[in-house]
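Please have the sequence and the 3D view open as you go.

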Amino acid sequence: MNRDAAVLDNPVAESLLGRHAHLARRIGRAATYESGVSTFCALPTEPAPADWADLARLLGSGGFADMFSNTAAPPPGWEPVFVLEGRQMIWPDGHRPGDPQPDAGAAVVELGPDDVPQMLDLVARAEPGPFGKRTRELGTYLGVRVDGRLVAMAGERLRPPGWTEISAVCTDPEARGRGHAARLLRALVSRVLARGERPFLHVAEANTGAIALYERLGFDTRKPVTFQGFRTP
Ligand SMILES: CC(C)(COP(=O)(O)OP(=O)(O)OC[C@H]1O[C@@H](n2cnc3c(N)ncnc32)[C@H](O)[C@@H]1OP(=O)(O)O)[C@@H](O)C(=O)NCCC(=O)NCCS
């Protein structure tokens, strides 16, 4: 199993060309996900003008180029939409997650296609970052239900070789501070490690609460990342 962290420098491209190829749309070396799965786009680390032209064709005029962790500067005419500073965190090699906490009557369950409306509702309340109607197809998503209501979830997103990104970590504002996120994270970390892979994740620099939680569970910061988006000409 390839556990080389270099694949984490362009994780969207590594996923779209690899384990997410069945969810990819491509022109030349430009790639993005099918509609509703993710808006992330991939180009080679040092894109040539022809690569930007291919991405523009792929997204269409006025399309949204979500350049996740790719800091290449687009050609003139691509209008900046957002810039967000964040960090990439990785699970240390050989580290084991702590013992699972007692579930306090709220079991961790795997979420299926029928759960998508509730997942979208939770995302609207908790705002963990981008999550679309088909994002669940990227990997396994786990949730916590209390009285039948989904109050927390987390799941697997990017899949560069040897690694799985943990994403959409969120807890309903009314259910925070009860260990739901920590329990879901430990469950996902265990699943990823059991496959012989290592977990990683991305978090906005301003999200100090989430960073503290990830550090407490054992994640280390690998590098700063800049998330940026553009409108195609
Ligand atoms: C971050 C988030 C998922 C935590 O969910 P949660 O279910 O409340 O987390 P837990 O109860 O498992 O918290 C685990 C620990 O982290 C700590 N923690 C959680 N949020 C914290 C915050 N905002 N600031 C400081 N510490 C925090 C808790 O105190 C707890 O520590 P303890 O066990 O020693 O008491 C939740 O605040 C959330 O949904 N935020 C909005 C979405 C988001 O930003 N997601 C992360 C995207 S990268």
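**A loop residue and a ligand site**

Ala 72 is buried, because its relative accessible area is 14% and buried means under 20% (1.4 Å probe, protein chains only). This is a predicted model, in which local features need pLDDT of at least 70, side-chain atom pairs count only at pLDDT 80 or more, and totals for chains, interfaces and linings use all residues. Residues are numbered from 1 along each chain as its sequence is written, and side-chain values use heavy atoms, with hydrogens and water left out.

**Around Ala 72**
- Ala 72 belongs to the loop between β4 (64-67) and β5 (79-90); strands here are DSSP runs of E with at least two residues, and helices are runs of H or I with at least four, numbered from the N terminus.
- Leu 43 is 29 residues from Ala 72 in sequence, and their C-alpha atoms are 9.0 Å apart.

- A polar backbone atom of Val 169 is 2.7 Å from a ligand nitrogen atom.
- An N or O atom in the side chain of Thr 171 is 2.7 Å from a ligand oxygen atom.
- For Arg 176, a polar side-chain atom lies 3.3 Å from an oxygen atom of the ligand.

**The shell around the ligand**

Notes: A polar contact is a pair of N or O atoms within 3.5 Å; within protein, one must be able to donate a hydrogen and the other to accept it, and residues adjacent in sequence count only if both atoms are side-chain atoms. Buried means under 20% relative accessible area, exposed over 50%, partly exposed in between (1.4 Å probe, protein chains only).
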